[in-house]
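Student: I would like to go through this model term by term. For each label, please give the cut-off and then the value.

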Amino acid sequence: MARIDSLADLEALYGTPGPAALRKVATTITPAYRRLIEAAPFLALATSGPEGLDVSPRGDAGGRLVRIVDERTLILPDRRGNDRIDSLRNVVRDPRVALMFLIPGWGNALRVNGRAHVEADAALLASFAVDGKAPRSVLAIAVEEIYFQCARAVVRAGLWSGAAAPAGLPTAGEILAGMTEGEVGGGDYDSGWAARAAATLW
């Protein structure tokens with residue numbers, strides 16, 4: 001085996017990311033990213049604590065999964081589960097979190113990195129009630145960076161075969177064009193993506 005233990009060796013192996021990989025990153029929830037968050041019915045929540053790492057699935061109807069408070073703040077209700085509270089235990093001791101949103105039929109994933117804390121204000125919890133049942137807590141998440149992940153993994157997995165994305169979602173090319181004032185992305189980026197992916201999928 002040829003083990004790699006230094007950043008220099010790792011970067012030499014992979015080279016420099018292209019402009020699309022770098023310039024899609026925002027530090028606030030842009031209008032395009034907001035539309036994707038509002039459409040997502042599922043996310044994976046990653047946390048870290050003294051005992052190690054945890055990834056927890058979270059799901060709800062699109063538009064109800066998380067609440068966008070402002071361009072830097074998300075609130076994620078802790079819906080009923082197994083009461084292990086692994087994620088919440090971690091957040092109380094280490095606020096760093098990562099979220100990955102998935103939308104059936106939309107090939108890309110949306111990633112959010114930030115810091116969170118647990119809230120249990122009664123009025124806030126009541127505002128998240130569904131069928132008269134409020135969560136016992138919520139996570140208030142301060143967004144530090146947000147960006148979409150290209151669809152190669154989803155294509156390789158055949159994850160959404162036969163599923164149609166909700167109408168009107170922004171494409172990767174539209175997001176990139178909006179964030180770079182047209183320097184990267186656009187219609188050509190979208191129309192050429194399938195061929196690029198087919199040539200670079202494996």
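Tutor: Arg-58 forms a salt bridge with Asp-78, with the closest N and O atoms 3.0 Å apart. This is a predicted model, in which local features need pLDDT of at least 70, side-chain atom pairs count only at pLDDT 80 or more, and totals for chains, interfaces and linings use all residues. Residues are numbered from 1 along each chain as its sequence is written, and side-chain values use heavy atoms, with hydrogens and water left out.

Student: What makes the contact of Arg-58 with Asp-78 a salt bridge?

Tutor: The term requires a side-chain nitrogen of Lys or Arg within 4 Å of a carboxyl oxygen of Asp or Glu. Arg-58 and Asp-78 have N and O atoms 3.0 Å apart, so the pair qualifies. Arg-58 lies in strand E2 and Asp-78 in the loop between E4 and H4, so the pair ties together parts that are 20 residues apart in sequence. Helices (H or I, at least four residues) and strands (E, at least two) are DSSP runs, numbered from the N terminus. Both Arg-58 and Asp-78 are buried. The whole structure has 11 salt bridges.

Student: Why is Asp-60 called buried, and why is Arg-64 called partly exposed?

Tutor: Buried means under 20% relative accessible area, exposed over 50%, and partly exposed in between (1.4 Å probe, protein chains only). Asp-60 has 15%, so it is buried; Arg-64 has 38%, so it is partly exposed. Their side chains meet in a salt bridge of 2.9 Å, N to O. Asp-60, Arg-64 and Arg-79 are linked in a network of salt bridges.

Student: Which salt bridge joins Arg-3, and are its two residues buried or exposed?

Tutor: Arg-3 pairs with Asp-5 at 2.8 Å, N to O. Both Arg-3 and Asp-5 are exposed.

Student: How do you know that helix H1 lies largely in the open?

Tutor: Of the 8 residues in H1 (residues 7–14), the number buried is 0, so the helix lies largely in the open. Gly-15 follows H1 and has a positive phi, near 80°.

Student: What is the setting of Lys-24, given that it is buried without a salt bridge?

Tutor: Lys-24 sits in the loop between helix H2 (19–23) and helix H3 (31–39). The nearest side chain of opposite charge, Glu-145, is 11 Å away. For charge, Lys and Arg count as positive and Asp and Glu as negative, while His and the chain ends are not counted. The Lys-24 side chain does reach the backbone oxygen of Phe-148 at 2.9 Å.

Student: What makes the link between Ser-87 and Asp-54 a polar contact?

Tutor: A polar contact is a pair of N or O atoms within 3.5 Å; within protein, one must be able to donate a hydrogen and the other to accept it, and residues adjacent in sequence count only if both atoms are side-chain atoms. The side chains of Ser-87 and Asp-54 are joined at 3.1 Å, so the distance meets the limit. Ser-87 lies in helix H4 and, at 3% relative accessibility, counts as buried.

Student: Which residues does Ser-87 contact, leaving aside neighbours within four places in sequence?

Tutor: With contact meaning heavy atoms within 4.5 Å, the partners of Ser-87 are Leu-45, Thr-47, Asp-54, Ser-56 and Arg-58.
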